[in-house]
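Open the model in your viewer and keep the selection tool at hand.

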Amino acid sequence: MIVPTGTPDVLLRTEGRAGFITLNRPRAINALTHAMVLAVDHALTAWEHDPAVSTVVIEGAGERGLCAGGDIRAIHDDARAGGSASEAFWRDEYRLNARIARYPKPYVALMDGIVMGGGVGVSAHGSVRVVTERSRVAMPETGIGFVPDVGGTYLLGRAPGELGTHLALTGGHVGAADALLAGLADHVVPSAALPALVRDLTRLPADEAVARHAVAPAPGVLAEQREWIDACYRAETVETIVERLFDTGVPAAKEAATTLLAKSPTALKATLATLRRSRSLTTLEEVLDLEFRVSCAAMTTPDLVEGIRAQVVDKDRDPHWTPPTLSEVSDEDVARFFTPPPGGDLGLASALPSA
């Protein structure tokens, strides 16, 4: 049965025991708009107490991926105009991320192809997270002058050792095996088997359906790199991390250092500080509250507009960061990311029922 959503960018249907959410902006790799976030949330509300729906499945239209993230062009335009649309979007998006994590029914995310930024938020907090050999999972925010959000610092902050720090700062993408290692996914299913998995989800419990098709992943790369990743990224500052990476003598570490030096210096320092703070917090809601402050602060920095301009608008891949070097980013510059935004805090943690 087809369920109306109010936006053509999210398609809903129920089949057998499952409700399906299809993100439907394939030309934009299903990048999320505010209307899409609201449509997904409304579907979860409708199906939470519907006895006919036992499992919820989220998937992406087209061949390229589940979701490439939020609509960063819209964020760029809003930041340039000094608007409040992005703050309103994040309030609803982060609430949705928290809801997915606590959803009382199996929430199956088919993380095929590109899954980045906001795409991680609508998938990696789910209870059943499926990647394929085509999956490319990443939080690439530092490359646009932003900081990992949508609970990304919660997930990466809890990855083994310093893998999450490496992925958050470099913005590097991972395949199936490394997504499992980093705690971003649970199962690997061949992309060719996804149609059969979808059919089984309409008639079987989610865990049983996935088990029928799950396979061992091809070898990843992060497990073999743990020694230098952990040694370098446990440093207290981004500057020291970069120095250690260059000093290892390992080509992959040197490549990571070069990658870091191309990112926004301000975003790198704010990301490391956010990750370290998120590790001391207990719940996803607390981390999302923290990330909301950070995201709102990022809106007022020149690097966010400049980063999106360089990567998405003009596509010259030549951002000019302000300030241009790590040494010029002061402790005060970083501290301002953690102050309450003018519109008020998100308040997810305070809304949790007391234990």
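Here is what to select, stop by stop.

This is a predicted model: local features need pLDDT of at least 70, side-chain atom pairs count only at pLDDT 80 or more, and totals for chains, interfaces and linings use all residues. Numbering starts from 1 along each chain as its sequence is written, and side-chain values use heavy atoms, leaving out hydrogens and water.

**Helix pair.** Select α1 (residues 34-48) and α3 (residues 85-101). Helices are DSSP runs of H or I, at least four residues, and strands are E runs of at least two, numbered from the N terminus. The two helices pack at about 35 degrees, axes 9 Å apart. Axes are lines fitted to C-alpha atoms over the stretch in contact, and angles run from 0 to 180 degrees between N-to-C directions. Now show side chains: V37, L38 and L44 are among the α1 residues that meet α3, whose partners include F89, L96 and I100. Contact means heavy atoms within 4.5 Å.

**T132.** Next, go to the loop between β8 (128-131) and β9 (136-138), where T132 sits. T132 has a relative accessible area of 0%, so it is buried (under 20%; exposed is over 50%, partly exposed in between; 1.4 Å probe, protein chains only). Its neighbours in contact include M111, A176, V189 and L194. A polar atom of the T132 side chain lies 3.0 Å from the backbone nitrogen of R134.

**E306.** Last, select E306 in α15 (residues 302-313). E306 counts as buried because its relative accessibility is 15%. Not counting residues up to four places away in sequence, E306 touches D318, P319 and H320.

Terms used: Polar contact = N/O pair within 3.5 Å; in protein donor to acceptor, adjacent residues only side chain to side chain.
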